[in-house]
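Got your viewer open and a cartoon view loaded? Here's a short walk through what to select, stop by stop.

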Amino acid sequence: MKKFLNLVAALLLGVAVTSCSTVAFTGRNRLLLYSDSDIFNMSDQSYMELMATSVRSSDTKRTVTVSEVGKRMTSALKTYLASVGQEDVLAGISWSFDLIKDREVNAFCLPNGRVVFYEGIMPMLETPDMVAVVMGHEMGHVIARHGNERMSKQALLSLVGTVASGAVGQTVSPDAQSLFEAAFSVGSEYGYLLPFSRKQEYEADEIGLYLMAIAGYDISQAPLLWARMAQNGSASVPEYMSTHPSDENRINHLIKLQDKAKKYIAKH
């Protein structure tokens, strides 16, 4: 048994070492076991299935706002990353921005860069700066490859279970498609995306704030918007916040990041 456990430990260590990378903007170490191309292909399929059963919003003004904010932020990001020699961060990502007819207070982005806002969240986003807060957060998840990271952790747990159960003649090893569907399946109890970890949510907030600064949006609106959403959700928590950290710590975190974010304004 000792030799068996040592073998498992060596296998996991090898996987972790060869699959480790760092997150753009924050430098945090992460474990990615899947290729971007595989996850992007699955994201494309999920996006097509979603849009085939959804109705695009007829609210032209808000649709244009979402699109314009998204294009401005992604364009500024591309220029910035090129200036610091990190163009590969966006390799394979195809950004798109949709507003769909749905009263849920929600928004999400698939790993391939497909950003979707729901009409229900728009009354809270009265200005392009406020739209940029949510847009930046969702883009942050994509840039940090949080979806891949979440799937990779699940795969490692599955690997441990498979190796361990193999000792007693059992195997349980979900493939990448199964892990993707579990994390991003349409109609799950959490909405279109299962909740990210608190660490990933804070990181998406941080990256989103930097993206706002790079694109020239008012970064002071970020903590104000989350405070507004928290107040609005005091009686009935909006769907968008039910799977996100929305407490005072999150707002304080965004306030503390203001000075760091301002450094990116000069590079715009």
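The stops below go from a sheet to one residue in it, and then to a helix. Keep in mind that this is a predicted model.

Stop 1: Select residues 96-100 (S3), 107-109 (S4) and 114-118 (S5). You're looking at an open sheet of three strands, ordered S3-S5-S4, and the pairing is mixed. S3 and S4 stand at the edges with a single partner strand each, so one side of each has no neighbour in the sheet. On average, neighbouring strands here are turned by 15 degrees against each other, direction ignored.

**Stop 2: the S3 and S5 pair.** Zoom in on these two strands: they run parallel, joined by five bridges. For a landmark, pick Ser96, which sits opposite Arg114 in S5.

**Stop 3: Ile100.** Stay in strand S3 and click Ile100. Is Ile100 buried or exposed? Its relative accessibility is 2%, so Ile100 counts as buried. Show what surrounds it: leaving aside neighbours within four places in sequence, the contacts of Ile100 include Met51, Val55, Val116 and Phe117.

**Stop 4: helix H8.** Jump to residues 221-232 and check the length: at 1.5 Å a residue, the 12 residues should span 16 Å, and the end C-alpha atoms are 16 Å apart, which agrees. Then colour the buried residues of H8, among them Leu225, Trp226 and Met229.

Technical notes: Residues are numbered from 1 along each chain as its sequence is written. This is a predicted model: local features need pLDDT of at least 70, side-chain atom pairs count only at pLDDT 80 or more; totals for chains, interfaces and linings use all residues. Side-chain values use heavy atoms; hydrogens and water are left out. Two strands pair if DSSP finds at least two bridges between them. Helices (H or I, at least four residues) and strands (E, at least two) are DSSP runs, numbered from the N terminus. Axes are lines fitted to C-alpha atoms, for helices over the stretch in contact, and angles run from 0 to 180 degrees between N-to-C directions. The expected span of a helix is 1.5 Å times one less than its number of residues. Buried means under 20% relative accessible area, exposed over 50%, partly exposed in between (1.4 Å probe, protein chains only). Contact means heavy atoms within 4.5 Å.
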